[in-house]
Amino acid sequence: MTFQVVDTTSKLIAKLQTLAPEQQQEVLDFVEFLSQKYNQPQQSPQKRVLGLNQGKIWISDDFNEPLPDEFMVR
């Protein structure tokens, strides 16, 4: 442990001891929340599978053609 960590820990304990038991419990609850939030293992992204959905969708042959004037926003 570095001096900065020890110093921060000492300050935290000193402040914590000045709190009422109910407030200490709130601090403990918050620390447990943070611990759960940041200690979750990071999942590696899944690899994409080429052709997985082949044949499940259809796109019109004129998909990239300009839309008729009736679809233009005025």
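The protein chain carries 7 positive and 10 negative side chains, and the centres of these two sets lie 9 Å apart. In that count, Lys and Arg are positive and Asp and Glu negative, while His and the chain ends are left out; each charge is placed at NZ of Lys, CZ of Arg, CG of Asp or CD of Glu. Welcome to this predicted model, in which local features need pLDDT of at least 70 and side-chain atom pairs count only at pLDDT 80 or more, whereas totals for chains, interfaces and linings use all residues. Residues are numbered from 1 along each chain as its sequence is written, and side-chain values use heavy atoms, with hydrogens and water left out.

**Overall form**

- The secondary structure of the protein chain consists of 2 helices and 0 strands; helices (H or I, at least four residues) and strands (E, at least two) are DSSP runs, numbered from the N terminus.
- The radius of gyration of the protein chain is 29 Å, while a compact globule of 74 residues would have one near 11 Å. This radius is taken over C-alpha atoms, and the globule rule is 2.2 Å times the number of residues to the power 0.38.
- Along the principal axes, the C-alpha atoms of the protein chain fill a box of roughly 75 × 40 × 25 Å.

**Surface and cover**

- Of the 74 residues in the protein chain, 0% count as buried. Buried means under 20% relative accessible area, exposed over 50%, and partly exposed in between (1.4 Å probe, protein chains only).
- Accessible areas come from the Shrake-Rupley method with a 1.4 Å probe, and for residues only the protein chains shown count as cover.

- Searching the whole structure turns up 1 salt bridge, meaning a side-chain nitrogen of Lys or Arg within 4 Å of a carboxyl oxygen of Asp or Glu.
- Lys11 and Asp7 bring their side chains together in a salt bridge at 3.5 Å, N to O. These two residues are separated by about one helical turn, because they are 4 residues apart in helix H1 (residues 3-17).
- Lys11 counts as exposed at 53% relative accessibility, and Asp7 as partly exposed at 29%.

**Surface patches**

- Glu22, Glu26, Asp29 and Glu32 form a negative surface patch. Asp29 sits in helix H2 and is partly exposed, with a relative accessible area of 40%.
- Ile57, Ile59 and Phe63 make a nonpolar patch on the surface, together having about 380 Å² of accessible area. Ile59 belongs to the segment after helix H2 (21-38).
- Patches are built from residues with over 30% relative accessible area and no salt bridge, joining like charges within 9 Å and nonpolar side chains (Val, Leu, Ile, Met, Phe, Trp, Tyr) within 5 Å.

**Distances along the chain**

- Thr8 is part of helix H1 and counts as partly exposed at 48% relative accessibility.
- Ala20 lies in the loop between H1 and H2; its relative accessibility of 28% makes Ala20 partly exposed.
- From Thr8 to Ala20 there are 12 residues in sequence and 21 Å in space, C-alpha to C-alpha. Ala20 and Gln36 are 16 residues apart in sequence, with 25 Å between their C-alpha atoms.
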